Amino acid sequence: MRAQNSRAVDGAPSAPAIFARSAVARSYPRWRAAVRDRSWVLLETVLPLIGTIAMIYVYKGLHAPDRFLGFVVMGGAMLAYWSNVLWSMGTQLYWDRDKGNLELYAIAPVSFVAVLCGMALGGLIFSTVRAMCVVVIASLLFDVHYVWSAVPAAFGVFLLALLALYGMGSLMGSLFLFYGREVWHVASAMQEPVYFLGGFYFPVHSLGAVLGGVAALLPITLGLDAMRQLLLPGTPSFIAVHWEVLALVVQVPVYAAAARAALQQMEMRSRREGRLIMRGG
Amino acid sequence: MSARTAAAGVSWLRGLRASAWLGWQVSSNWTRPLLFLIYVVLRPISAALILAVMYRVIAGPKAAPYLAFLVSGTAFWAFVQNGMAGFANALSEDRGRYKMLKYVYIAPQRFGLYMLGRSLAELGAAALAALIVLGLATVALHLPIDARTVNYPLLLLACALATFTVLSVSLVYSLLLLGTHDSYSYGELGAQTLYILSGAIFPVTVLPGALGWIALWSPFASWLELVRRALMPGQRAVLMFPSVGTGGVLLRLCVETAVVVVLGRVAFARAERRARARGYLDRDANW
C-alpha cells in the first residue's frame, strides 16, 4: 500500500522497482557481513560438517550399506537451509524489533514481504556455501558417488523446495514476532524435532504413514527425498518423485499466501498493540 | 584461623548458590516449569529418536543392546552439550546482551566461582534431561536397562568425574571465546568436536588413524564407557573397550580427569589474565 502510494509522487520509482530495491537493500548487510567478518566460514562449514560426519560414523558403526553415506551427506547439506530459515528468517523480525529496525521498516515506503525476500536472498550465500562444503568435503572423505546426469532435475526440485521453504520461513517470521524473550527458545526447540521429522539422516518412510504425512508438510522433507531419489538411486524413498514435485508446486503458493496474510495481520496487530517498538522481549 | 576458613567456606557457598540460582533463572524463567521441562528434553529426545530410527532402518525392529549404546550415549551427552555450548552461550549473553559480565567481575566474589555456579545450572538441566530421556527410551524402545540392576555407585562416580572434566573444559573454552567478536554458537562447535571423539553415538574404534587414537584417550569416552557398564552390567555388546576391566576404565577416567582439571586450572588463570588485559570482559559485541 505504501509502495503504491509512492507512484503518485512525480519521478518516484514504481512499486515493483521499490520492492526489488528494498529486497536487494535488505540482503546487502548479509552479503557485506559475509565478506567483512570471515569467521562465519568456520562456524557455518565446520559445525554442520562435524554433525554430518558423526552421523556417517553411526551408519559405519552399524555396518550399513555404503549408499546410506550419501543419504546422510545430502541430509547434512540441506540442514543449512533449514537452519537459515529458522534463525535468519523465522526469528529475524524479532531480532530486528529488538535492535530497533522494525519500526524503521514500518515507517519506510517498503513492504515487509520485500524485507523478508531480502533476508532470504542474503541468507542464501551462507547456506549455499555451507551446503556445498558439506557435500564436497564429506563426499570426498567418504567416497560418495552421485548420478551426475540427474543433477539438472535435482536442481529444479531443490529450487522448488527452497521457494516453499522460504515461504514457510516468512510465515514463521510473522508468527514469531508475537513471542517475547521465549522466541529464541521456540526456534531452538524446533531445530532437532525437524531434523527428525525431515528425515535428514534416515528414510522418511521409516516414520510410518501418519508421522510421514505430518513430515510432508515441511517442504524440505519432500525436496530432500526427491533429490535423493534422483541423485542416489536405490536409496529408500518416501513417495514417487513426481508426487513430491506436485506437492511442492502446491506448497509454494500456499506458504507464500499464508506468509503474506500473516505479515499483514502481524503488521496491523503490532501497530495496534504497540509491539513494533517493544524492546527486550 | 578455623573461624576465618569457615566464614570463607560459607561465603564461597553463598556465592555458588547465588550464581547457580541466577543461571537457573536466566535459563528457565522465560516460561512455565512444565514447558521448560518439555523444552529441555525435546532436543535429546529428538536426537535419541533419530538414532533409534537409523538403527531400526539398518538392524530391523528388534531391540538390541547396541540401540541402548546409542540412546545412553546421546542422553548423557546433554551434560557436555549444556556444559559447553549452553554455558559458552550464557557467558556470551552475559557480556553482549545483558552487559553485566564486567559488573560480575568487579563484585566481591571470585569470577571463577560465578562461572562455576552459572555452569552448574546448565548441568542441572542436563541431568534432568538425561534422566527423562533414558527413562522414556528404556520403556518405549524396550532397552535392556533394568533399574534394579544398575550399578548406581559406579554411575554416580563416573558422572561426578565427568562433571569435573566438563566444568574444567567449558570454563576455559568459554573464557577464551570472549576473545572473538561474536562468540555465540562457538560453544556448539566445541561440543560437536568432542561429540565425534567421545564415543557417544558410535564406538571410537571406528574412527580412523590419529582421530581414533585421540578419542581413545578422551575422558568422555571413558566416562560413557563406565555409564554403559553401570547401566547395563554384563552386556558386552555395549562396550567400546571390552578387553579392559571396569576398574581399569575407572582408573583411566580418574587419571584423565586429573590431567584435564590441572591443565584447565592453569589455562583458566592464563585466559582470565588475558581477558582482563585485553578488555574482553567489557567488549561491545553488538548483540
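## Fold of chain B

In this predicted model, 44% of the 287 residues of chain B count as buried. The secondary structure of chain B is made up of ten helices and zero strands, and its pattern along the sequence reads α-α-α-α-α-α-α-α-α-α.

A compact globule of 287 residues would have a radius of gyration near 19 Å; chain B, at 20 Å, therefore agrees with that expectation. Taken along the principal axes, the box filled by the C-alpha atoms of chain B comes to roughly 55 × 40 × 40 Å. Among the contacts in chain B with a separation of 6 or more, 82% are between residues 24 or more positions apart.

## Nonpolar core

The largest nonpolar core holds 174 residues. Those that touch the most other members are A:Met78, A:Ala161, B:Ala48, B:Leu51, B:Val71 and B:Phe79. Helix α3 of chain B, residues 65-96, gives the most to this core, namely 17 residues.

Which residues does B:Val71 contact, once its neighbours within four places in sequence are left aside? B:Val71 is in contact with B:Ala48, B:Leu51 and B:Ala52, and also with B:Ala137, B:Leu141 and B:Leu143. Two of these partners, B:Ala48 and B:Leu51, are also listed with B:Val71 among the core residues that touch the most other members.

## Confidence in chain A

The pLDDT of chain A averages 85, and 93% of the residues score at least 70. Where in chain A is confidence lowest, and where is it highest? The lowest mean, 48, belongs to helix α1 (residues 2-5) of chain A, whereas helix α11 (residues 219-231) of chain A has the highest, at 94.

Residues 1-6 of chain A have a pLDDT below 50. Beyond near neighbours in sequence, this stretch has eleven contacts in the model.

Technical notes: Residues are numbered from 1 along each chain as its sequence is written. Chains are lettered from A and ligands numbered from 1 in the order in which they are written. This is a predicted model: local features need pLDDT of at least 70, side-chain atom pairs count only at pLDDT 80 or more; totals for chains, interfaces and linings use all residues. Helices (H or I, at least four residues) and strands (E, at least two) are DSSP runs, numbered from the N terminus. The radius of gyration is taken over C-alpha atoms; the globule rule is 2.2 Å times the number of residues to the power 0.38. A residue is buried if 20 or more other C-beta atoms lie within 10 Å of its own, exposed if 12 or fewer, and partly exposed in between; C-beta atoms are placed from the backbone. Two residues are in contact if their C-beta atoms, placed from the backbone, lie within 7 Å. pLDDT is the predictor's confidence in each residue, from 0 to 100. A nonpolar core is a set of buried Ala, Val, Leu, Ile, Met, Phe, Trp, Tyr and Cys residues joined through C-beta atoms within 7 Å.
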